[in-house]
Amino acid sequence: MKPAPFIHHVPKTIEEALAILAEVAPQDGRVLAGGQSLVPIMAFRMARPAHLVDINEVKGLDKLAVEGGKLVIGARVRHAAFHKNVVDGPLGKLLTYVVRHIAHYPIRMRGTFCGSLAHADPASEWCLVAATLGGEIIAKSKRGERVIAAANFFEGIMSTSLAEDELLAEARLPLLPADAKFGFYEFNRRAGDFAMAAALVTYRVAGGKIADARVGVGGAEDRPRRIPEAEAALNGKAAGDEAFRAAAEAAAKAVDPLEDVQTSGEYRRDLVRAVVRRALEHSA
Amino acid sequence: MTEKSNITLNINGRNHAIGVEPRRTLADAIREDCGQTGTHIGCEHGVCGACTVIVDGEPVRSCLMFAVQAAGKKIRTVEGLAKGDELHPMQRAFMEHHGLQCGFCTPGFLMLAVGVLEREPDISNEDLLDVLASNLCRCTGYQNIIKAVRAAAAEMRGAR
């Protein structure tokens with residue numbers, strides 16, 4: 001249970017970090033942020049990077065601020081930053097609610113928001129948040145900078161559209177309107193363990209009817225995503241048990257669930273039905 | 001093998017000059033290189049919490065940090081809790097409420113509870129339960145650990 005040897009790089013500026021990453025990425029170089037996912041898989045020798053580019057001392061990556069209607073989250077912002085409300089309105093409340101479901105307190109002290117996105121575990125709460133809310137990922141490399149929509153970022157289990165020499169420098173989440181409602185529910189067998197299914201919903205109520213519904217499901221498929229069929233079952237309906245059950249049913253039908261030795265696809269489909277309904281009930 | 005770096009770890013106010021490979025975890029460095037064996041290692045992949053220490057005021061898993069990352073930071077381990085012969089209120093509460101049996105998980109629970117309560121002295125009962133779910137204990141069934149930490153929390157709040 002000891003990680004394999006690696007060379008440790010500790011850049012102080014983003015330019016330096018990108019230059020080192022460009023050089024070592026082709027030699028199995030990886031970015032080390034909070035290390036709460038990467039270090040365990042290194043201990044198991046499931047990952048044995050030859051180089052680690054440690055960004056914990058890079059200046060300018062700790063931004064956590066609202067700019068142009070979006071919450072900007074730098075690569076060094078830890079999960080624990082969201083224990084407190086970081087922005088007024090529903091988005092701040094959503095983040096403080098969801099963060100409590102991420103692993104445990106000491107893990108949240110070190111792990112980072114952007115690191116979770118880059119790691120792209122299908123069960124990750126932050127990946128579900130980014131996918132559901134339509135977040136943006138800012139990828140920087142020596143070659144330049146690009147903005148990737150969350151919907152095009154997650155490509156599968158621990159797989160993203162990030163190139164090997166790119167650093168996930170920043171994530172941006174659109175603010176929610178002041179009258180937005182949100183609901184979140186996650187199912188796992190032990191407190192703090194990986195979600196076997198999770199759902200995040202947001203919507204507004206206009207003239208007694210649901211509008212702008214977003215229904216995201218994580219932990220059930222190989223990547224988190226919005227479920228348009230469930231959103232269609234909500235928009236234009238009165239917020240209540242009937243619409244919530246219809247949306248849960250639509251989500252359960254629409255997913256292509258992951259299977260593993262302990263969990264059949266049908267069981268996970270059942271969980272999706274339950275977590276979507278409970279997230280909607282939580283929102284009401 | 002990769003080259004060793006010479007670093008200084010400050011543990012409980014004392015400097016330890018050591019040479020470590022980058023892959024050396026903080027947990028191993030504290031025990032093997034600095035000889036402070038109060039910090040226990042259970043799972044070595046961040047699940048059990050036995051190796052919890054306080055780094056710059058934050059309770060963290062020392063098996064998920066590399067020693068080189070902790071150079072120059074203030075590290076606190078279970079050896080630093082007591083003041084001479086006087087036990088820390090958390091240690092005393094664990095004795096009084098029978099919060100341990102075999103004791104293997106105890107250093108991790110002590111550093112977790114002390115680390116969190118120093119940061120959030122007025123933490124709610126519900127949040128404290130969530131915090132204590134971070135670490136594993138295979139003897140006590142947790143109830144006496146919860147009692148001990150609640151008692152110590154009240155005492156630590158009173159002492160402010």
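## The model

This is a predicted model, in which local features need pLDDT of at least 70 and side-chain atom pairs count only at pLDDT 80 or more, while totals for chains, interfaces and linings use all residues. Residues are numbered from 1 along each chain as its sequence is written, and chains are lettered from A and ligands numbered from 1 in the order in which they are written.

## Where chain B touches chain A

In chain B, 24 residues are in contact with 25 residues of chain A (C-beta atoms, placed from the backbone, within 7 Å). On the chain B side, two or more residues each come from strand E4 (58–61), helix H3 (106–119) and helix H4 (125–132). Helices (H or I, at least four residues) and strands (E, at least two) are DSSP runs, numbered from the N terminus. E4(B) gives the largest share, four residues.

By type, this side of chain B has 11 nonpolar, seven polar and six charged residues. Ala, Val, Leu, Ile, Met, Phe, Trp, Tyr, Cys and Pro count as nonpolar, Asp, Glu, Lys and Arg as charged, and the others, Gly among them, as polar.

## Strand E12 of chain A

Strand E12(A) spans residues 197–206 and is largely enclosed by the rest of the structure, because seven of its 10 residues are buried (20 or more other C-beta atoms within 10 Å of their own, all placed from the backbone).

E12(A) pairs (at least two DSSP bridges) in the antiparallel sense with E11(A), residues 181–187, over seven bridges. E12(A) also pairs in the antiparallel sense with E13(A), residues 209–218, over eight bridges. Ala198(A) in E12(A) is the bridge partner of Glu186(A), and Ala198(A) stands opposite Gly218(A) in E13(A). Two residues separate E12(A) from E13(A) in a hairpin, where Gly207(A) in the turn has a positive phi of about 60°.

Key. Contact = placed C-beta atoms within 7 Å. Buried ≥ 20, exposed ≤ 12 C-beta atoms within 10 Å, placed from the backbone.
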